[in-house]
Amino acid sequence: FSDISPTPYIPFSVTRFNAVAGVMVTASHNPKEDNGYKVYWENGAQIIPPHDREISRHIAENLEPWPSSWNERLAGESSLRSDPLDEINRTYPSQICESVCVKNLMRKETQSKFVYTAMHGVGYRFVRLLFEAFQLPEVIPVSEQVDPDPDFPTVKFPNPEEGKSALDLAIRTGNRHNATIILANDPDADRLALAEKQSTGEWKVFNGNEIGSLLGFWA
């Protein structure tokens with residue numbers, strides 16, 4: 001991809017283009033000092049043994065970069081290079097919508113306001129594409145966290161699953177805009193937190209089991 005992309009694009013593209021593997025360079029939800037990457041196998045799933053061990057072994061055997069590693073022109077000049085970003089920006093939202101879009105009338109008539117935080121990551125532009133595909137109201141972004149920033153200046157750990165402590169700015173934004181639902185991704189947009197404003201004015205942050213139950217009910 002020629003630009004920042006959310007992690008779900010990688011396994012989706014692996015299976016769409018029959019690739020042998022996919023790599024996402026990301027430290028995910030870890031502290032800013034960390035770095036790393038995720039690898040997806042030809043089936044679109046994250047690697048499991050023995051592939052993970054073999055990759056680790058090859059890394060250990062090649063700690064010194066090859067001379068060709070510093071040739072930045074290879075990425076732009078290789079005949080094997082292609083950029084599927086525009087295609088995936090179109091097909092990913094449409095296929096997700098075709099798979100799970102139901103209850104059209106309910107979607108179009110909803111008065112709910114959604115706050116979204118990207119946790120200083122890549123998710124905002126892609127969540128907007130999904131909301132558009134689902135014909136939902138446009139999300140209200142947490143302005144302090146909407147743009148990618150590897151220093152994560154507003155959170156110590158950019159992990160939405162930390163609970164309310166990670167959603168302080170999202171809750172303030174929700175209260176300011178009279179929103180009732182908060183959606184939060186981690187920086188590479190493959191983790192999700194969900195919160196709903198209660199009649200008491202308090203915010204309930206759903207745990208993983210509760211989110212799974214809601215998804216199961218919808219499906």
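**Entry 1: alanine 166**

I looked up alanine 166 and found 7% relative accessibility, so it counts as buried. Buried means under 20% relative accessible area, exposed means over 50%, and partly exposed is in between, with a 1.4 Å probe and protein chains only. I note that this is a predicted model, where local features need pLDDT of at least 70, side-chain atom pairs count only at pLDDT 80 or more, and totals for chains, interfaces and linings use all residues. Residues are numbered from 1 along each chain as its sequence is written, and side-chain values use heavy atoms, with hydrogens and water left out.

Where does alanine 166 sit? I found it in the loop between strand E4 (140–141) and helix H7 (168–176). Helices (H or I, at least four residues) and strands (E, at least two) are DSSP runs, numbered from the N terminus. I then checked contacts, meaning heavy atoms within 4.5 Å. Setting aside neighbours within four places in sequence, alanine 166 touches Met119, Val155, Asn159 and Pro160.

**Entry 2: the whole protein**

I stepped back to the overall picture. The protein has eight helices and seven strands. Its C-alpha atoms fill a box of roughly 60 × 35 × 35 Å along the principal axes. Of the 219 residues, 35% are buried. I also looked at contacts with a separation of 6 or more: 63% of them join residues 24 or more positions apart.

**Entry 3: helix H1**

Is H1 enclosed or open? Six of its eight residues are buried, so H1 is largely enclosed by the rest of the structure. The buried ones are Tyr9, Ile10, Pro11, Phe12, Ser13 and Val14. I checked what covers them: E1, strand E2 (37–41), H4 and H6 are included. After H1 comes asparagine 18, which has a positive phi near 55°.

Next I looked at how H1 meets H4. The axes of H1 (residues 9–16) and H4 (residues 85–100) come within 11 Å and cross at roughly 95°. Axes are lines fitted to C-alpha atoms, for helices over the stretch in contact, and angles run from 0 to 180 degrees between N-to-C directions. H1 and H4 are therefore roughly perpendicular to each other. Angles of 65 to 115 degrees count as roughly perpendicular, under 35 as roughly parallel, over 145 as roughly antiparallel and the rest as oblique. On the H1 side, Tyr9, Phe12, Ser13 and Arg16 make the contact. On the H4 side I listed Leu85, Glu87, Ile88, Asn89, Thr91, Tyr92 and Gln95. By class, this contact has five nonpolar, four polar and two charged residues. Ala, Val, Leu, Ile, Met, Phe, Trp, Tyr, Cys and Pro count as nonpolar, Asp, Glu, Lys and Arg as charged, and the others, Gly among them, as polar.

How much space lies in the largest pocket? I read about 1,500 Å³. A pocket, on a 1 Å grid over the protein atoms alone, is an open set of points where a 1.4 Å probe fits, with protein on both sides within 12 Å along at least five of seven lines; lining residues have an atom within 4 Å of a point. The lining has 38 residues, and Phe131, Leu136, Leu183, Leu192 and Leu215 are closest to the centre. By class, 30 are nonpolar, four polar and four charged. H4, H6 (124–133) and helix H8 (208–218) are among the elements that each supply at least two lining residues.

The second largest pocket has a volume of about 700 Å³. It is lined by 20 residues, with Phe1, Ala21, Val23, Ser82 and Pro84 nearest its centre. H1, strand E1 (21–25) and helix H3 (73–77) give two or more residues each. E1 gives the largest share, four residues. I count twelve nonpolar, five polar and three charged residues in this lining.

Threonine 26 is in the loop between E1 and E2. At 12% relative accessibility, threonine 26 is buried. Its contacts beyond four places in sequence are Asn35, Gly36, Tyr37, Lys38 and Asp188.

Serine 94 is in H4. Its 30% relative accessibility makes serine 94 partly exposed.

Arginine 128 is in H6. It is partly exposed at 38%. Leaving out neighbours within four places in sequence, arginine 128 contacts Glu138 and Val139.

Conventions: Points joined across faces, edges and corners; volume = space filled by probe spheres on them.
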